[in-house]
Amino acid sequence: MKLVQQLRGRFGVEFVLRVLGVASSTYRGWVARQAAPSRRERDLWTTQQARNLLMDLGNLTDDFRVLIRDRAGQFTTSFDAALSDAGVHVVKIPPHRALQLAPPRPDHPIAEPGRTSIRRRPVLGGLINEHEPATA
């Protein structure tokens, strides 16, 4: 299919497919998969990223005991298993819902994106940050 990609500008896709004896639906399916990988491919990639993380951490994995993640679809059981095999406990939290979020301190105004002066207050040792408009 990469050959078709190389020759399409010179001869046109349909002509190249006809000469190679490839159905146009096969080519169109390949193009679609390149743009949006299948769930299986995405799962394999995500699991490989977990393995890469463990390899990059090396001996530091002994200090790395817990991974907190949401229940988003890109995390699979094989992702969790790769970490569990290394002794990392995976904790799943519910996904965030933007419409139901409230500021951590509702009595303070929420910082507006267009403001230039915003004060940041670290919470939980910097794990979470609260933002509010800074007083002039």
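1. Strand β1, helix α5 (residues 77-85) and strand β2 form a right-handed β-α-β unit. Right-handed has a set sense here: with the strands pointing away from the viewer, the path from the first strand over the helix to the second runs clockwise. Helices (H or I, at least four residues) and strands (E, at least two) are DSSP runs, numbered from the N terminus.

2. A word on the source. This is a predicted model, in which local features need pLDDT of at least 70 and side-chain atom pairs count only at pLDDT 80 or more, while totals for chains, interfaces and linings use all residues. Residues are numbered from 1 along each chain as its sequence is written, and side-chain values use heavy atoms, with hydrogens and water left out.

3. Now the whole chain. The protein chain has 5 helices and 4 strands. From the N terminus on, the order is α-α-α-α-β-α-β-β-β. Of its 136 residues, 19% count as buried. Buried means under 20% relative accessible area, exposed means over 50%, and partly exposed lies in between (1.4 Å probe, protein chains only). The accessible surface comes to about 10500 Å², and 56% of that belongs to carbon and sulfur atoms. These areas come from the Shrake-Rupley method with a 1.4 Å probe; for residues, only the protein chains shown count as cover.

4. Look at the two strands of the unit. β1 (residues 66-70) and β2 (residues 89-93) pair in the parallel sense over 5 bridges. Pairing requires that DSSP finds at least two bridges between the strands. Which residues sit on the covered face of β1? They are Leu 67 and Arg 69. The uncovered face holds Val 66, Ile 68 and Asp 70.

5. Asp 80 deserves a check. Asp 80 lies in helix α5. Is Asp 80 buried or exposed? Its relative accessibility is 9%, so Asp 80 counts as buried. Leaving aside neighbours within four places in sequence, Asp 80 is in contact (heavy atoms within 4.5 Å) with Arg 69, Val 90 and Lys 92.

6. Next, the largest nonpolar core. A nonpolar core is a set of buried Ala, Val, Leu, Ile, Met, Phe, Trp, Tyr and Cys residues joined through side-chain atoms within 4.5 Å. The largest one has 8 residues: Ala 50, Leu 54, Leu 67, Phe 79, Ala 82, Leu 83, Val 88 and Val 90. Helices α4 (39-57) and α5 are the elements that give two or more residues to this core. The largest share, 3 residues, comes from α5. Another core lies apart from it, with 6 residues, among them Val 4, Leu 17, Tyr 27 and Trp 30.

7. Ala 82 is in contact with Thr 47, Ala 50, Arg 51 and Leu 54, leaving aside its neighbours within four places in sequence. Thr 47 is found in α4. Thr 47 is buried, at 4% relative accessible area.

8. Just after α2, Gly 21 takes a positive phi of about 75°.

9. Last, Val 31. Val 31 is found in helix α3. At 33% relative accessibility, Val 31 counts as partly exposed. Val 31 and Met 1 are 30 residues apart in sequence and 8.7 Å apart in space, C-alpha to C-alpha.
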